[in-house]
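Please keep the sequence and the model at hand while reading.

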Amino acid sequence: MTALSVVIPVRDVQRHVPDLLRSLARNTRPDFEFVVVDDGSADRTPDLVLASGLPGLTVLRHDTPRGPGSARNTGLAASSGRFVTFLDGDDWIRPGYLYDLVAVIEDLGCDFVMSDHVQVRGRQRTVRRTPQGRRGQVLPPRGSILPLGQPSMVDYPYTWAGIYSRTLADQGLLDFTPTLHTAEDRPWFWRLYREASSFAAVSLQGVFYRRSVDGSLTTVGDERQLHFFDAFDLVLSDLAGDPEAHRFRPKAVRNYCAMIAFHLGRRDRLTPELQRRLITRARATLTSFSAETRAEVLPGLGDYRQELLADLVGIRV
């Protein structure tokens, strides 16, 4: 039986995918499978993957790009492991990391486990730890959504920094919203922390996450950057039916407002038309929140973000 499925969406990462493939070769086991989904690459990425000879490799292809969430869905549907993890094509992992990840979740016996990771900017390496301070303990996921004004687990939206039981996929909790090309991890994690039964955070480092890679979805300036509106609208819509919506909604609104401020601060990368759409939709979103909600969540964003929202969106905060 397959113990672990590693689902990897790739698109136009020929410069970086050799590093990933070399790191996977140091993490193979007879009961591991690697499901790579080429999401309509126009470069040599799929050729490099196919030529790698990686044991347990399956390569699937989307003829036209559908986005990382859709690619993960394709890979997940084709996978068979008792556990699932995700990686991105421009990152890499340390030798033996996948063995340790499987050992941890088997030992703890919970639905999913989140690990620390290493952020990479050029030659700089920075360890990023999960916000959950209680390490190696099985916890109820809902308890890690709050507090409001401090980082919590929903502020750590890295699908590749975790390992997930197949039972979550059977419940539909590992499927991504296919229409979201950015911020697709936000509603995914909110749903996971609300509906899964158990999780743990562990002091395990192994994923090296490249930041500011040319062509990555965090750096492009096209319409996909506005998908965060749809992502957080989905978070709020899902929350509406939650029995603890009154507790969790302020946190979701705070995250939403922080994301709006982030994109307003970087709006120069967008075309003039997209900037107008960003500001118009930001204004509509913020004014849809009650004055009481804004008064509760916005002060915790800091002076700079509050000023951005006040000056650029044109409402009193």
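The text below takes the secondary structure first, then the rings, and then single residues.

The model is predicted, so local features need pLDDT of at least 70 and side-chain atom pairs count only at pLDDT 80 or more, whereas totals for chains, interfaces and linings use all residues. Residues are numbered from 1 along each chain as its sequence is written, and side-chain values use heavy atoms, with hydrogens and water left out.

Helices (H or I, at least four residues) and strands (E, at least two) are DSSP runs, numbered from the N terminus. Buried means under 20% relative accessible area, exposed means over 50%, and partly exposed lies in between, with a 1.4 Å probe and protein chains only.

Seven of the seven residues of β1 are buried, so this strand is largely enclosed by the rest of the structure. L4, V6, I8 and V10 point one way from β1, while S5, V7 and P9 point the other way. Two strands pair if DSSP finds at least two bridges between them. Between β1 and β2 there are seven bridges, and the two strands run parallel. In this pairing S5 has E33 of β2 opposite.

Helix α1 spans residues 17-25, and its buried residues are V17, L20, L21, S23 and L24. They cover an arc of only 160 degrees around the axis, which puts them on the same side of α1; the arc is that of the directions from the helix axis to the C-beta atoms. An α-helix has 3.6 residues a turn, so residues three or four places apart point the same way. Contact means heavy atoms within 4.5 Å. The cover over the buried residues of α1 includes β1 (4-10), β2 (32-39), α2 (45-50) and β5 (92-93).

**The four-stranded sheet**

Strand β5 also belongs to an open sheet of four strands, in the order β5-β11-β7-β8 and with mixed pairing. At the edges stand β5 and β8 (124-128), each with a single partner strand, so one side of each is left without a neighbour in the sheet. The partner of β5 is β11 (residues 207-210), joined to β5 by two bridges and running antiparallel. Here W92 stands opposite F208 in β11.

**Aromatic rings**

Rings of Phe, Tyr and Trp (its six-membered ring) pair if their centres lie within 6.5 Å; planes under 30 degrees apart count as stacked, over 60 as edge-to-face and the rest as tilted. By this rule there are 21 aromatic pairs. One of them is F86 with F176, which is edge-to-face at 5.8 Å centre to centre with 90 degrees between the planes. F86 lies in strand β4 (residues 83-86) and F176 in the loop between α5 (166-170) and α6 (185-195), so the pair ties together parts that are 90 residues apart in sequence. Another edge-to-face pair is Y193 with F199, at 5.4 Å centre to centre and 85 degrees between the planes. Both Y193 and F199 are buried.

Ring pairs link F86, F112, Y164, F176, W188, F189, Y193 and F199 into a cluster. R72 lies over the face of F176, 4.9 Å from the ring centre; a charge sits over a ring if NZ of Lys or CZ of Arg is within 6 Å of the ring centre and within 35 degrees of the ring normal.

**Accessibility of selected residues**

| Residue | Relative accessible area | Class |
|---|---|---|
| F86 | 1% | buried |
| F176 | 4% | buried |
| C110 | 6% | buried |
| C257 | 1% | buried |
| T130 | 6% | buried |
| A183 | 16% | buried |
| D12 | 35% | partly exposed |

**Single residues**

T130 is in the loop between β8 and β9 (162-165). Leaving out residues up to four places away in sequence, T130 touches M114, S115, D116, R135, M153, Y156 and A201. P147 is in the loop between β8 and β9 as well, and the peptide bond from L146 to P147 is cis, with omega near 20 degrees.

Most residues other than glycine have a negative phi, and most peptide bonds are trans. D12, in the loop between β1 and α1, has a positive phi near 55 degrees. A183, in the loop between α5 and α6, has a positive phi of about 60 degrees.

How many disulfides does the model contain? The count is zero, where a disulfide is a pair of cysteine sulfur atoms within 2.5 Å.
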